[in-house]
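Hi everyone, thanks for coming. Let me walk you through one part of a structure that may be new to you.

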Amino acid sequence: MSRIFGAVRQNGYVVRDIQAAMKHWIEVMGVGPWYYMDRVTTDWFRYRGQDSAVEMSIALANSGDLQIELIQQRNEVPSLYKEFLDAGHEGLQHMSYWSHDYQALYDKAIRIGYRIGHEGQIGGDKGRFAYFDTQAHPGTIIEISDISGTKGPFFEKVQQAAANWDGTRPIREVGNAKPSTSSAE
């Protein structure tokens with residue numbers, strides 16, 4: 001438990017091949033089902049304060065209370081994902097903390113000296129996320145994510161599906177790549 005951010009809710013893995021990564025998690029780790037978004041649409045995305053048109057695919061599954069996120073960047077624009085891969089890394093890139101009071105947590109982090117590496121928004125003004133420039137070694141970037149909008153119920157759905165997963169339908173495509181409770185089974 002972080003005294004600043006609370007409980008870790010997600011481990012985020014940046015990968016070069018998201019299909020191969022999902023296959024590994026399904027077959028070797030026994031984790032699923034995966035909710036796969038081929039092309040995530042962000043409302044906006046900034047890398048170190050500059051607009052960046054990042055294109056990415058994301059897959060989400062849970063192992064108990066911990067959400068596993070796989071991210072494959074699909075273009076060469078600047079992002080912390082690209083920095084991570086360009087440094088020769090692949091795998092655990094960040095840990096995420098979730099908040100229903102995102103702005104207060106964001107303001108607190110900025111006030112105590114955290115700097116934004118990249119940030120964006122998915123699915124409206126209650127879908128913000130920020131990655132702080134905290135990487136001392138691979139896997140130590142801190143993300144905060146607003147779950148007061150549609151992401152919260154979607155994340156709950158992913159967790160519930162994992163709790164009762166019998167191994168069938170290991171990959172479930174999410175239609176429009178924006179989290180909502182009605183977009184996937």
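**A strand and its neighbours**

Let's begin with strand E5, residues 56–63, which is mostly covered, as 7 of its 8 residues are buried. Buried here means under 20% relative accessible area, exposed means over 50%, and partly exposed lies in between, with a 1.4 Å probe and protein chains only. Strands (E, at least two residues) and helices (H or I, at least four) are DSSP runs, numbered from the N terminus.

A word on the source: this is a predicted model, where local features need pLDDT of at least 70, side-chain atom pairs count only at pLDDT 80 or more, and totals for chains, interfaces and linings use all residues. Residues are numbered from 1 along each chain as its sequence is written, and side-chain values use heavy atoms, leaving out hydrogens and water.

Now, which strands pair with E5? Pairing requires at least two DSSP bridges between two strands. E2, residues 34–37, runs antiparallel to E5 with 3 bridges, and Tyr36 has Ala59 as its bridge partner there. E6, residues 66–73, is also antiparallel to E5, joined by 8 bridges; Leu60 stands opposite Glu69 in E6. The E5 and E6 hairpin has 2 residues between the strands, and Gly64 takes a positive phi near 65°.

Next comes Arg74, in the loop between E6 and helix H2 (80–86). Arg74 is partly exposed, at 30% relative accessible area. Its side chain makes a polar contact (a donor and an acceptor, N or O atoms, within 3.5 Å; sequence-adjacent residues count only if both atoms are side-chain atoms) with the side chain of Ser57, at 2.8 Å.
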